[in-house]
Amino acid sequence: MQYEIRVDGQMSPTLIQAFPELQSFVVRNQTVLVGPVADEAELYGLLARCQSLGLHVVEMRRLPN
């Protein structure tokens, strides 16, 4: 499954390195992280990582196959 996580603001290169399994790009002052997520445990792990880094998740969605 592919997921998209939108984070408020432009993430620094150091923060982006905390998500090596995801691709990133910036759209309208949001950083978009996109990539494969194997299961719910991995998804919750990504969200926990965002929280621990102080990132504000604006939107998260599963992308169509």
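What is the accessible surface of the protein, and what percentage of it belongs to carbon and sulfur atoms? After that, please look closely at strand E1, residues 2-8.

A: The accessible surface of the protein comes to about 4200 Å². Of this, 51% belongs to carbon and sulfur atoms. Such areas come from the Shrake-Rupley method with a 1.4 Å probe, and for residues only the protein chains shown count as cover.

Some ground rules come next. This is a predicted model, where local features need pLDDT of at least 70 and side-chain atom pairs count only at pLDDT 80 or more, while totals for chains, interfaces and linings use all residues. Residues are numbered from 1 along each chain as its sequence is written, and side-chain values use heavy atoms, with hydrogens and water left out.

Now the whole. The protein has 2 helices and 4 strands. Along the sequence they follow the pattern β-α-β-β-α-β. Helices (H or I, at least four residues) and strands (E, at least two) are DSSP runs, numbered from the N terminus. The C-alpha atoms fill a box of roughly 25 × 25 × 20 Å along the principal axes. The radius of gyration is 11 Å, which agrees with the value near 11 Å for a compact globule of 65 residues. That radius is taken over C-alpha atoms, and the globule rule is 2.2 Å times the number of residues to the power 0.38. Of the 65 residues, 32% count as buried. Buried means under 20% relative accessible area, exposed over 50%, and partly exposed in between (1.4 Å probe, protein chains only).

On to E1. This strand is mostly covered, as 5 of its 7 residues are buried. It pairs with two strands. With E3 (residues 30-36), E1 runs antiparallel over 7 bridges. With E4 (residues 57-63), E1 also runs antiparallel, over 6 bridges. Two strands pair if DSSP finds at least two bridges between them.

Follow the bridges residue by residue. Tyr3 stands opposite Gly35 in E3. Ile5 has Leu33 as its bridge partner in E3.

The E2-E3 hairpin has 2 residues between its strands, and Arg28 takes a positive phi near 45° in it. E3 is largely enclosed by the rest of the structure, because 6 of its 7 residues are buried.

Why look at Arg6? It lies in E1, and it counts as buried because its relative accessible area is 15%. Its side chain makes a polar contact of 3.0 Å with the side chain of Glu4. A polar contact is a pair of N or O atoms within 3.5 Å; within protein, one must be able to donate a hydrogen and the other to accept it, and residues adjacent in sequence count only if both atoms are side-chain atoms. The side chain of Gln30 also makes a polar contact with that of Arg6, at 3.1 Å. Leaving out residues up to four places away in sequence, Arg6 touches Val27, Gln30, Thr31, Val32, His56, Val57, Val58 and Glu59. Contact means heavy atoms within 4.5 Å.

Gln30 sits in E3. At 18% relative accessibility, Gln30 is buried. Beyond four places in sequence, its contacts include Val7, Gly9 and Phe25.

In a regular strand the side chains alternate between the two faces of the sheet.

Met11 is buried, because its relative accessible area is 6%. Aside from neighbours within four places in sequence, Met11 is in contact with Ile16, Phe19, Thr31, Leu33 and Leu55.
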